[in-house]
Amino acid sequence: MKNTISTYIPELIAIRHDLHKHPELGFEEKRTSGIVAGYLDRLGIEVHTGWARTGVVGVLRRGSSNSTIALRADMDALPVQERSNLEYRSTNEGVMHACGHDGHTAILLGAARYLAEQGDFDGTVLFIFQPAEEGGGGGRIMVEEGIVEKFGIQAVYGMHNRSGLETGVISTRTGPIMAATDNFEITVHGKGTHAALPHTGVDPIIIASELVSSLQTAVTRETKALDSVVLSVTQFIAGTTFNVIPDNALLRGCTRFQSNEIGESLREAMERITAGVCAAHQARYSFQYMPGYPPTINTAAESKAAAQAAKTVVGPENVDDNCPPLMASEDFSYFLEKIPGCYIFLGNGIHTQSHRSDFDFNDDIMPVGIAFWTTLVEQELGEKRDAETRGKGEKN
Ligand SMILES: [Zn+2]
Ligand SMILES: [Zn+2]
């Protein structure tokens, strides 16, 4: 571990607790981005604000190399009411840092301080503080606004704390590490009637019930058994009273999967099944399928680089470089659709689950996170790495 990092941990913990106390939802991170921009500015780092509304980008250049890598943290909180006795618990009613983005932000600020004050590298490091990871797609907007082209980013890295993974353990993998998530909405248009005379109408509840079951065959009968796919119907809305068959029934839900091709075939199968079931029962339907975050797919060379830096920091015995992918999703995926890179997990310990009202980021992992970022930069923008291979990872 780099010795000097420990000297500014107290300052970073204070920042982290302050962010925790004043959480802000996606695209509303005005106070947070002000703190981030101020901190970077005091370090003499070039600051660009207003990316995806509340995002901040810091640029740190050294030497003459054109190599540019980006490190990304997310800043937004969740609409969760915090239930804790922490001294620094949220003072913003109904809003809470329940995913540890306060910790990610503080860690990246710590890495910026180390690299600005004593970083030994040749090239450019970008510190990306993005808004709205939790559903708003701040990462997508930054990519659409041209962040990759403007700064010539060649490789990008993201880090997330992970509950259930031991403190100080780092895990990652080549290929898909987080799932895609799409939403769907199906309305079955039947014909309402008296509940005692069902033959005079078309009952949308019977048809939608059949759909809840039949849609599962898009996974169990139409997807390869070894592909990870989840299809969940999460809302079923129909009817108003005991003795009336309603006109319509509404189903909503989401799908999760690890490759874009699976998403396409799921969508096709789901609409076909919906059309078939509705036709069988003389109902009409409307079908909407809304793509969400794509799968997060790590490239080979950059995953290897990240695992190597992790091994330097925590030792090979504390690195899992082929961890199982998760079915949750991440808008870091939009960066990876554009350029090579890698997303890693940093063990948060086993005490709490993220998105719960009693979650708190584990401050003990902050030095590990900072050491990982700085080691990665010095490794990737150092003399050792062959410039020819840098940032040329293949998608797979
Ligand atoms: Zn989250
Ligand atoms: Zn998160």
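The model is predicted.

Start at cysteine 99. This residue bridges the zinc ion (ligand 1) and the zinc ion (ligand 2). The two ions lie 3.1 Å apart.

Take the zinc ion (ligand 1) next. Its donors are Cys99 through SG, Glu134 through OE and His355 through NE2. They sit at 2.0 to 2.2 Å. Along the sequence, these donor residues follow the spacing C-x34-E-x220-H. Cysteine 99 and glutamate 134 link distant parts of the chain, 35 residues apart. Cysteine 99 belongs to the loop between β3 (68-74) and α4 (101-118). Glutamate 134 belongs to the loop between β4 (123-130) and α5 (138-144).

How exposed are these two residues? Cysteine 99 has 7% relative accessibility, so it counts as buried. The cut-off for buried is under 20%. Glutamate 134 has 26% relative accessibility, and therefore counts as partly exposed.

Now turn to the zinc ion (ligand 2). Its protein donors are the SG atom of Cys99, the NE2 atom of His101 and the NE2 atom of His160. The sequence spacing here is C-x1-H-x58-H. Histidine 101 is buried, and so is cysteine 99.

Return to the bridge to join the two sites.

Conventions
Residues numbered from 1 in each chain as written. Chains lettered and ligands numbered in written order. Predicted model: local features only at pLDDT ≥ 70, side-chain atom pairs only at ≥ 80, totals over all residues. Heavy atoms only, no water. Donors = N, O, S within 2.8 Å, 3.2 Å for Na, K, Ca; no water. Buried < 20%, exposed > 50% of the residue type's maximum accessible area, 1.4 Å probe, protein only. Helix = DSSP H or I, 4+ residues; strand = E, 2+ residues; numbered from the N terminus.
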